[in-house]
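Please walk me through some features of this model.

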Amino acid sequence: MSLPTFPGASAPRASCLDLWRERNDRLVRRAREVMAQECGLRRQQLIQDILEGFRGVLYSLQGLPAAVPLLPLELTVTCNFIILRVSLTQGFNEDQAQCVQQALKRVLETQEQLGPRLDQGLRELWYSVLHVSSLLPDLLPALHLLAGLQAAHWLSTDHLGDTAWLLQTLNGTQSRASEDLLLFLKTWSPPALESDASLILQDAQGLRNVLLTASALRQGLQELITGRLPKALSSLQEAASSLCSRPVLVQVYTALGNCLRRMGNPQRALLYLIAALKEGSACGLPLLEASRLYRQVGDTTAELESLELLAEALSVTYNSEAPQILIEVELLLPRPDPASPLHCGTQSQVKHLLASRCLQTGRAEAAAEHYLDLLALLLDGSGSRFSPPSCPPGPCMPEVFLEAALALIEAGRAQDALTVCEELLSRTSFLLPKMPRMREDVRKGTKELSHCPLWVSAAHLLQGQAWVQLRVQKKAISEFTSCLELLFRTMPEDKDQGAASNCEQGCRSGATLQHLRAAALISRGLEWLANGQDTKALQDFLLSVQMCPGHRDASFHLLQTLKKLNRRDEASAIWWRLKAQIQLPQEEATWSLPLYLETYLSWIHPPDCETLLEEFQTSITEPC
Amino acid sequence: MAGTEPRVHYLAGFSCPLGGLAAGKPRVLCHEQEVFLSTGSEFVYVYDQEGGLLTAVYRFPDQVWHLQLLALRRALYVLCARKGIYCLSLESPTRRSSSQTDEDKDSEVSSPVITVDPEACVLPDTTLCAFTVHDDVLVALVQGPAQWKMQLFERPCPGEDRWPGGLVGEVELSTSTPPAGAPGKLTSPCFLPVLCCVSPPGSRVPRGHPQGCGGFMLEEALFGLLFGADATLLESPVILCGLPDGQLCCVVLKALVTSRSAPGDPKALVKILHHLEEPVVFIGALKTEPQAEEAVESVLPCEDVYSDCLVALGHHGRTLAIKASWDKSGNLVPELREYCLPGPVLCAACGGGSRMYHSTPSDLCVVDLALGGVPLNSEQPQSDGAPGCLPPLLCPASLSICSVLTLSVLSRTPAGGTELLALSTKGCLMTCRVDLNSEMPGPTRMTTENAGQKIKELLSGIGDVSERVSFLKKAVDQRNKALTSLNEAMNVSCALLSSREGPPPISCTTTTAWSRLQLQDVLMATCLLENNSDFSLDQGWTLCIQVLTSSSALDLDSAGSAVTYTIPVDRLSPGSQREVTLPLGPSESGVLDLPVTMSYTLFYSLKEVVGGALAPSDPLEDPFLEEQPLDLLPEQEGICLPLSRHTVDMLQCLRFPSLAPPRASVPCPLGPAADLVDTFLETCRAPGSELAGPAALRAKYLPPSTASIRVSAELLRAALEDSHSGVPLCSATLQWLLAENAAVEIVRAQTLSSVQGVAPDGTDIHLIINEVAVTDLCLAGPIQAVEIQVESSSLADMCRVHHAIIGRMQTMVMEQAARGSNPPDLRVQYLRQIHANHEALLREVQSLRDRLCTEDEAGSCATAQRLLQVYKQLRSPSLVLL
């Protein structure tokens, strides 16, 4: 029995599908609006709300049994949800993988014959879905977008093989001949959306471009690190020629500059770096690369200038751009580790690099200023935005203090150097062992503390040197003495263990200890000499030669003093030994010594070794 | 220890859910006279200790997980679950209140509830689990899908929009096991991570309230030993973090500056100090050097004491203490010691000295890490000058206060005691004075006045324990009661479901009557629930009455409305009965759609009876239990037992004003929803005027609709003989038909055989019953039959009466057929003829109805006319019910 129809029923009543589609479109429009207009906290909150909206629609859709007419909308909403979520959290994670998996299972649920195989991995799921999807042409645009997101996820987690496989399957090419991800990306042409389709936040074509740039850049960086420079160059040029945003372009140009510099083309490298700087946004990276380039070509002034600019650039807080709402190339790049050419470091690291370069290149005044700047920044309570340069490649804080004191002495500011050393001593002396002993403790907490005696004695050494500069000999000698006391109390222990674990610090604590002892003895000896107490000086020089037989400076000083005291026999013995040593290649170069010690040793280097040797030779040979 | 002298003073009570508050999330802070308190719900209370009253109540959008107070800046930072961090300025709470909720308008004087403005959210993040504020920075711990992430922000101030520009650095904490909860699903974790900020000695940081900030200062040797030379040289604060998986790690705050091009390397930034292998619930610091403590105390206020021992507590009582000491060769080494304290630990606090308080469900204990509680300690030779060793054993001393959920050390009293602020499971805020004197007051030295004091304190201790006893007792009682109730319910269900024949043990009968309510006559149904079983219906039982009106014939679309009334059956003992009266209609629109079906069901709510008993009686015992009661409850919420079904039809609703005894002089029943205007017009009309309403006109000009039913007299007589013997058959039939009507008495008294009644909507209904003889049906001769005629000016009402009569006839015929009475011989040929006629008519009805759906208005009018005629033919059959 049929019932009479109502007039109202003939009017088009919106179906649930239309309602949901309408909600999706509204959310997409709202998201675009928010992207364009809002910023900061409010934007974040609004995007969070929109995300919840998408989640709601998705839950409604997934509450129903999977059905072919609903699937395109469901996949679209899933894609929108993932895109917004990724841009909000600035990265892919397992949640998104689960979203994709859920969506694929829903597609398969509509295909009954595939029901029992639902517990397979992502790759198998994609395989099944892509083979089914030929049956469902309406599904293709959304499915391609989802595949693009999957590729982005795999790319960002370094699953390059999976990414290449997925794209190959999407393209429908079965040849296993080439594994070139870039080629697959280029040949992938996602089907265009119909005009009446529900709205999406980022279309597959745009995603493809992002993927192309990101994978080219990734490959280029990878090859830069492994040192295959020609391959890196071609990949990076590929990245540079694709569409990308300004910050990404800066990164690409910098990487190109790095590559060309290492290939021995500084001129071309410079061109790229200038181009990168012209792009404007974050100019830290190209400036750092430029400093490396100038250092390589030996233009110290330009190198220091670019480092200064870099430090300034980093001190300006980014007027932080609002996080990109869409999936961007930057999201797919690996986090730069210190080995990467795109690792810029923090402001303090750059400041320290600048200061130490000044010190190394003999610009003591500038070095002193930069070190003082650095210490002020680090120690001020307000410097919460400023971290110490103590990442593994850099020196630790006590060494920064020592370098600063050294620079100050070199710049003739002995009083300031004393203050810096005093500060270091007051903050570390309570960590000194009662019976100092170089010991590598297995426990992590005490490992670096074993270096404490070294730092403290070095501080005393520098204080002594500062007093020397101030011509207060008594104090200088007492500082050298207390330095030596500490150094001789410190015993290198567990040599076999020490060698292995010390490499991290970049210096051998054993070698450092030896050289420190020699340096302190020589310094005290020199001071005795200046005081006219030649025998005491001779004692110290002798001791230093015994302590550090490989240390030639000690022998020179000994030779000189012996000559001065007219003890020819002993002098000639030393001379023969020295001559033999010079014949040998310099064993164990000072590579492993920390900067402060290296510089200090250069101070006590006798000024005219060659002439002394020749003079002595003639004086020896003459009587014979 | 015999020297414990707790003195408990109750300050205020706060609402707590059934089964008490849960551990882990409540917080209590104290600043000067103000106490800031959250109980784990969405409220933050501000209590004035001096005045002894609540000064403000803040309401947040979700549970509050953590509080931190920056006393110097008068700002309260609040972590709201799944929302983020809010910052409240405490300067002028009343002015800042953005919107007052209406619920507490009248009690505004005592505690206005201030709904916190969403604008006050300074750091929105749905995954935030812990935070700490230090000086100008805020450190937050975010729960990622596989690891924890520590983020450093510039400290946001209320009303400033600096995020996300304020993000200074972040680093991932390595963790072997992913945090609890499925990815993508935001569940409320059982244990929150613990964050606290450790400052080096002599740092130039302005000191806030130590408890409020959750931070402390460590002496330089321990600080340098634990956190390295860099942190010491930089004088950088260090964030200590205790994770629910037991990991205790630290991050040097000044090193935690990262950027996109220089991301934080966990290996360089995060140092794992220890692994407790059970959730970390507390991190604190103690001063264990007694002589130094005294020296410091005499010079400095106790806030400036540098602690020399770091402690961390796990949920099950495993305790870690770290101190700096020298080894044999003179090296500075950390001395680590693990202890086992009674668990599960609900909360803990460190006082200024060497004492740590920790609370379990059964007791509040204090341990002293300087004494260690063991005199044996003094026998151990200590190398001179070296920091003292940690005690080999800890002896917790009971304070006889149970189930304290959160603690805050208020101050040290001049007498050397400590005052604690505590919140108990039942929501009681109290202060406890703890006097732990080194010399133990023995019984011999007890004077009269301190005996009184002692008795008082013992009494308060007893009171505290008895609170717990009563709590447990209540839980047991509740469960016993639930079991008894379940047993009864089981018996009732069995009795109801197994009784197939005989009167049901629990029955429900219905009578209807008209009564006047507010100028309108309403048909009232009176339901009588009778309990004839041996069991009583107790708490948890509900009588559900579903009133289902039939769809109106005029409105084909509406499927009839159903209203369900639920009436709690509050203790119906065996043999007793309960009456419920329900209005059946007419509804607002004046329509009473008859027949109305009423179905009765008994519902037993499992949730009501069992839910309370299964709720965690003591959630402190183990927070993991929290989730179980929900799983224990069965899927469905209760049991449904259908009782009976009753139909109210037209015959029950007819009224007979003509039969009413004259002395009652009831005015003619007004139509339902008598329109005042109609009444007015009615009265205005000149008497005798022919101008009448449409009903009158119809009555005058349209012939009344009629229907008739013939029943063989023999059949009727057989059916009615036991109840109506000695009454003329026509009258007996009428009485039978109107048996459930109030007018049956008058009909019986006057032995009427025809009656003039009024339908609920006011139209006349005429029931005429007379005896006829049907000649041409039976071979043996004419059959004596009774003809029931229904006449009414309203077709609809006539149909309803007809339907009701047919219904009764059906029941009667079925009963008689069961008795096996023999019908007389019939002329089959004639019957067949009639049957064929009827079939033809039915077919025509079918086709006419189909046409009605498709035709236009003019055509459908004619069709409807024809349809009515056919129906009329159908209604007056020549058949007799035999």
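Helix H10 of chain A covers residues 204-226, which is 23 residues. Helices here are DSSP runs of H or I with at least four residues, strands are runs of E with at least two, and both are numbered from the N terminus. The expected span is 1.5 Å times one less than the number of residues, so H10(A) should span 33 Å. Its end C-alpha atoms are 32 Å apart, which agrees. A:Gly227 follows H10(A) and has a positive phi, near 90°.

This is a predicted model: local features need pLDDT of at least 70, side-chain atom pairs count only at pLDDT 80 or more, and totals for chains, interfaces and linings use all residues. Residues are numbered from 1 along each chain as its sequence is written, while chains are lettered from A and ligands numbered from 1 in the order in which they are written.

Two other helices of chain A meet. The axes of H2(A) and H4(A) come within 11 Å and cross at roughly 25°. Axes are lines fitted to C-alpha atoms, for helices over the stretch in contact, and angles run from 0 to 180 degrees between N-to-C directions. The two helices therefore count as roughly parallel (angles under 35 degrees). Here are the residues that make the contact (C-beta atoms, placed from the backbone, within 7 Å).

| Helix | Contact residues |
|---|---|
| H2(A) | A:Leu17, A:Trp20, A:Arg21, A:Asn24, A:Val28, A:Ala31 |
| H4(A) | A:Leu73, A:Thr76, A:Val77, A:Asn80, A:Leu84 |

An α-helix has 3.6 residues a turn, so residues three or four places apart point the same way.

A:Arg268 sits in helix H13 of chain A, residues 266-279. A:Arg268 is partly exposed because 15 other C-beta atoms lie within 10 Å. The scale is this: 20 or more is buried, 12 or fewer is exposed, and partly exposed is in between, with C-beta atoms placed from the backbone.

Now chain B. Chain B has 17 helices and 42 strands. Of its 882 residues, 38% count as buried.

One open sheet of chain B has five strands in the order S17-S16-S18-S19-S20, with mixed pairing. Strands pair if DSSP finds at least two bridges between them. S17(B) and S20(B) are the edge strands, each pairing on one side only. Neighbouring strands are turned by 25° against each other on average, direction ignored. S16(B) and S17(B) run parallel, joined by three bridges. B:Val198 has B:Phe216 of S17(B) as its bridge partner. Helix H3 of chain B packs on the sheet, touching S18(B), S19(B) and S20(B). The direction of H3(B) makes about 10° with that of S19(B).

Definitions and conventions:
Two residues are in contact if their C-beta atoms, placed from the backbone, lie within 7 Å. Angles under 35 degrees count as roughly parallel, over 145 as roughly antiparallel, 65 to 115 as roughly perpendicular and the rest as oblique.
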